[in-house]
Amino acid sequence: MKSRFKRVFGVDVKGTRSVVVLDKSYLQGVTAQELRFYVKHGWIFGVTEVLQYEHFRKWDRWRFANLVKLKAIEKHIVLLPGIGEMFRAESKKRKPASQVLRIKGITLTDNLTPGRRFFELDDDTKRIAAERTVELEKRLDILIGVWTDFKQIPEFDGAKSEDMPAIVEAKALQIRDDPDDMRGFYQRHRVVSVKWWKGEHQVSATS
């Protein structure tokens, strides 16, 4: 992405240099040779945690092939922060997340090189992926609850399509200008977790 800033997430993007966020469809359709061509012209590729997780949640030959492509441009790949991390940084610093967070590089195993045969993941990687799957499924259920709550906003109930732009604009202004209303919304969707410490359990809520 081109930016008016000289640095994005700590990466120098002056001139024609761009940070491009990879997704699964693009990675499947591009070749390693094409990726090398792009990085030769100054491109840097950003990888999200979700994309990274997708390639270890299951393990097959197309995922293996995608990772071989990434290995070919490993020095030009960065791991992007998650949405929650960016929101927290912006709330704390009152600046765009791209200006206050720094992204890290990614190191891939040397087994991911052209010509090597497909191999199975080790047990530790499989275990971590399985644990992450359970965690993400729980978070998805929480998000579904949030989306359902949005649908129950009284102003949207029975509204005509021609009235929706004005309603959406009014709600956007309310979100911007009414902090108490937003605090109430987030309070309704705080995640209750149990933490164990010194033999006694404590219940804490995290947004």
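Two strands count as paired if DSSP finds at least two bridges between them. With that in hand, here is a friendly tour of this predicted model.

- The open sheet is built from four strands, in the order β3-β4-β5-β6, with mixed pairing.
- At its edges stand β3 (18–21) and β6 (104–105); each has a single partner strand, so one side of each lacks a neighbour in the sheet.
- Within the sheet, G46 sits opposite V78 of β5.

**The nonpolar cores**
- Nineteen residues make up the largest nonpolar core, and L22 and L70 have the most contacts inside it.
- At least two residues of this core come from each of α2 (32–40), β4 (43–47) and α4 (61–72).
- The largest share, four residues, is supplied by α4.
- Leaving aside residues up to four places away in sequence, L70 touches L22, L27, I77 and L108.
- A second, separate core has twelve residues, among them V11, V19, V78 and A89.

**A closer look at helix α4**
- α4 has twelve residues, which should span 16 Å at 1.5 Å a residue; its end C-alpha atoms lie 17 Å apart, in agreement with that expectation.
- Its buried residues are R63, F64, N66, L67, V68, K69, L70 and K71.
- The cover over these buried residues includes α1 (24–29), α2, α3 (49–57) and β5 (77–79).

How values were computed:
Residues are numbered from 1 along each chain as its sequence is written. This is a predicted model: local features need pLDDT of at least 70, side-chain atom pairs count only at pLDDT 80 or more; totals for chains, interfaces and linings use all residues. Side-chain values use heavy atoms; hydrogens and water are left out. A nonpolar core is a set of buried Ala, Val, Leu, Ile, Met, Phe, Trp, Tyr and Cys residues joined through side-chain atoms within 4.5 Å. Buried means under 20% relative accessible area, exposed over 50%, partly exposed in between (1.4 Å probe, protein chains only). Contact means heavy atoms within 4.5 Å. The expected span of a helix is 1.5 Å times one less than its number of residues.
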